[in-house]
Amino acid sequence: MTEPRFSTRLAVESDVPAILELVKASWARTYDPIIGEAARKNLSDKKHVPALFLSEIENDDACGVIACSTQDGTEQIIGHTGGQLRGERLFFIDHLHVLPEWHGSNVASGILYTLAGAVSGIADAIELTVLENNPRAIGFYKKSGFYKTNGSNEDDGLAGIASLLMRLDL
């Protein structure tokens, strides 16, 4: 059996509608069981707007990366990550999402690798927060070289669920 094929690249403006759809669907799958549909929808509708993803494309201190699969000549966005500089030479990942059918296929790793290369000229480290009750994500980030920093922070969590701050030195 052959491995599924995908490629990664920096996001461009025409990707924004597909990124928005991917992220909103991912939030629904992930957070509806944790905080409920109404709370998730309220948070996501305020945060996940085209301007967020456009800023990752247009600003020199930000970066957005997508993973694509092409079938029958049609490109489909199957994953996305993005964020921006926070402080001097520290890049903060705000989100990373992959279609469920691509989980376990190295898409998330490919996206992180591309992002790390893209921001290495402006950052010495990458940080992100992950909910404490998400062991799958924590395990993935540890496998990718991230390590936990100073404990958890309820203020940076989601709907009262504490988060962990994780870091990858570049």
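**A pocket and the strand β4**

Me: Which elements each supply at least two residues of the lining of the largest pocket?
Reply: There are helices and strands on the list. The helices are α1 (16–35), α4 (107–119) and α5 (135–143). The strands are β4 (90–98), β5 (125–131), β6 (147–158) and β7 (161–169). Keep in mind that this is a predicted model.

Me: What volume does the largest pocket have?
Reply: About 1,300 Å³.

Me: And how many residues line it?
Reply: The largest pocket is lined by 42 residues. L96, V130, N134, A137 and Y141 lie nearest its centre.

Me: How do the lining residues divide into nonpolar, polar and charged?
Reply: The lining has 20 nonpolar residues, 14 polar ones and eight charged ones.

Me: Which element gives the largest share of the lining?
Reply: That is β4, with seven residues.

Me: OK, on to β4 itself. How many of its residues are buried?
Reply: Eight of the nine, so β4 is mostly covered.

Me: In which sense do β3 and β4 pair?
Reply: Antiparallel, over seven bridges. Strand β3 covers residues 74–85. G82 stands opposite H95 in β4.

Me: What do β3 and β4 form together?
Reply: A hairpin, with four residues between the strands. In the turn, G87 has a positive phi of about 75°.

Me: What about β4 and β5, parallel or antiparallel?
Reply: Those two run parallel, joined by three bridges. F91 stands opposite I126 in β5.

Me: Where does the chain cross between them?
Reply: From β4 the chain passes through α4 to β5. This β-α-β crossover is right-handed.

Technical notes:
Residues numbered from 1 in each chain as written. Predicted model: local features only at pLDDT ≥ 70, side-chain atom pairs only at ≥ 80, totals over all residues. Heavy atoms only, no water. 1 Å grid on protein atoms, 1.4 Å probe; cavity = no way out; pocket = protein on both sides within 12 Å on 5 of 7 lines; lining within 4 Å. Points joined across faces, edges and corners; volume = space filled by probe spheres on them. Nonpolar A, V, L, I, M, F, W, Y, C, P; charged D, E, K, R; others polar. Buried < 20%, exposed > 50% of the residue type's maximum accessible area, 1.4 Å probe, protein only. Pairing = 2+ DSSP bridges. Right-handed = clockwise from strand over helix to strand, strands pointing away.
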